[in-house]
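Good morning, and thank you for making the time.

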Amino acid sequence: PPSSQNNEQGSTLRDLLTTTAGKLRLGSTDAGIAFAPVYSTGTASGKSGRTMPNILDDIIASVVENKIPPNRAPKINVKSEIKDEPKDDKKCIQDDCSKRYSDIPYSWICDKHVLWLRDHKNSNNWKLFKECWKQGRPVLVSGMHKKMNFSLWKAESISLDFGNQQADILNCKDSIISNTNVKEFWDGFEDVSKRQKIKNGETALLKLKDWPSGEDFKAMMPARYEDLLKSLPLPEYCSPEGKLNLASHLPGFFVRPDLGPRLCSAYGEFALQVQQLPHHDIGTTNLHIEVSDVVNILVYVGIAKGNGVLSKSGVLKKLEEEDLDDLLRKRLKDSSELPGALWHIYAGKDADKIREFLQKIAKEQGLEVLPEHDPIRDQSWYVNKKLRQRLLEEYGVKTCTVIQFLGDAIILPAGALHQV
């Protein structure tokens, strides 16, 4: 700045940033800034030594003041860390990946909308994942349970260790939440005769809501917490210390989203009497959006016993009625695979169409539609098969149907709508 401004500290944004940056230590991790200071190795007078961060000139010139002399060349030279980046991501995703990633066992499911990584141990999975993630597509990684201590995740084991804990339990049929002893939930997990009854003697469809979660999970279940962390898929991205896990490396002054982990447990709809749910209108997780990317690992599948419970073959038959692609139907017929959850996933770009559709259906059903209510944010809908067909016919929105088998990890980008 001109000499007349030398004594004015912070008179412009340039002065404020330069003055602040000059006080920072190189490589400081507690500086409270969103980028590290960048120093050049020389000065304008030719003397050696560190100068003010030269990156500020480029930032301010392009965004704020545009005062850099035209004869001064920009000093930023950004290069890709990975060589041979594809010029056409979409073409690579759909056509060229078999050549570029021939060493990675993978398939595409849901009309090439979901990447299925079939070997969780392959160290190069993250390279193909990165290409898919650029497109905002979900990813499925199978076999994660093979890395885990399976005995830790059995229903009876959790009930034995933590049955005396209190937690919120949701009855998915009427959305009534009660605070009760979790042993009651786990006792009925695989024995229908021990489940709660509601009006007319119907069996409750219960869900243990996010118990435990976050720091409570780590404090209450340290062995399970460590078992989960060492078994995460794509550790470069999913691990708290992963080099691609941006959220874990944000400066301390950012308000971070709740990154969990959370234990989500629910009774299966197909374990109820078929005549009670003829159209499968009830889900254990209604349609919603997460504010951060999420990885969901199916660590245990219980097979319920009791009156009115479908046999395994009956469950498979019901799942085959879904709009599945050939690879998922093939997995259903594999006796070594154990299906546990049914997902319906939608791209974030379809959120407005789905919101409009649900408001339309609400009006058709005589429900009050208030302007401040958002059916997706409120998680008030499970979109059944009939509605999914109407959504396709009337709005052109196709449902991506995924069956999650034991050990499957489903990784969803933030903004992707889904129900379970």
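The charged end of Arg118 sits over the ring of Trp116, 5.9 Å from the ring centre. A charge sits over a ring here if NZ of Lys or CZ of Arg is within 6 Å of the ring centre and within 35 degrees of the ring normal. Lys243 is placed over the face of Trp126, at 4.7 Å from the ring centre.

Before I continue, this is a predicted model, in which local features need pLDDT of at least 70 and side-chain atom pairs count only at pLDDT 80 or more, while totals for chains, interfaces and linings use all residues. Residues are numbered from 1 along each chain as its sequence is written, and side-chain values use heavy atoms, with hydrogens and water left out.

Let me turn to helix H4. Helices (H or I, at least four residues) and strands (E, at least two) are DSSP runs, numbered from the N terminus. Buried means under 20% relative accessible area, exposed over 50%, and partly exposed in between, with a 1.4 Å probe and protein chains only. Trp126 and Phe129 are among the buried residues of H4. Just after H4, Gly136 adopts a positive phi of about 70 degrees.

What of aromatic pairs? The structure holds 15 of them. Rings of Phe, Tyr and Trp (its six-membered ring) pair if their centres lie within 6.5 Å; planes under 30 degrees apart count as stacked, over 60 as edge-to-face and the rest as tilted. For Phe129 and Tyr237, the ring centres are 5.3 Å apart and the planes stand at 50 degrees, so this pair is tilted. It links distant parts of the chain, since Phe129 belongs to helix H4 and Tyr237 to helix H9 (residues 235–238), 108 residues apart. Both Phe129 and Tyr237 are buried. One aromatic cluster is formed by Phe150, Phe185, Trp186, Phe189, Tyr267 and Tyr300.

Next, the cores. A nonpolar core is a set of buried Ala, Val, Leu, Ile, Met, Phe, Trp, Tyr and Cys residues joined through side-chain atoms within 4.5 Å. The largest has 50 residues, of which Leu117, Val139, Trp153, Trp186 and Trp211 touch the most other members. H4 gives the most to this core, with 5 residues. A second, separate core of 21 residues includes Leu324 and Val402.

Now a sheet. Four strands form an open sheet in the order E5-E4-E6-E7, with antiparallel pairing. Strands E5 (176–181) and E7 (265–266) stand at the edges with a single partner strand each, so one side of each has no neighbour in the sheet. Two strands pair if DSSP finds at least two bridges between them; E4 and E5 are joined by 6, and E4 and E6 by 3. Ile169 stands opposite Leu208 in E6, and Ala167 has Thr180 in E5 as its bridge partner. Is Thr180 buried or exposed? At 15% relative accessibility, Thr180 counts as buried.

Contact means heavy atoms within 4.5 Å. Of the contacts with a separation of 6 or more, 69% are between residues 24 or more positions apart.
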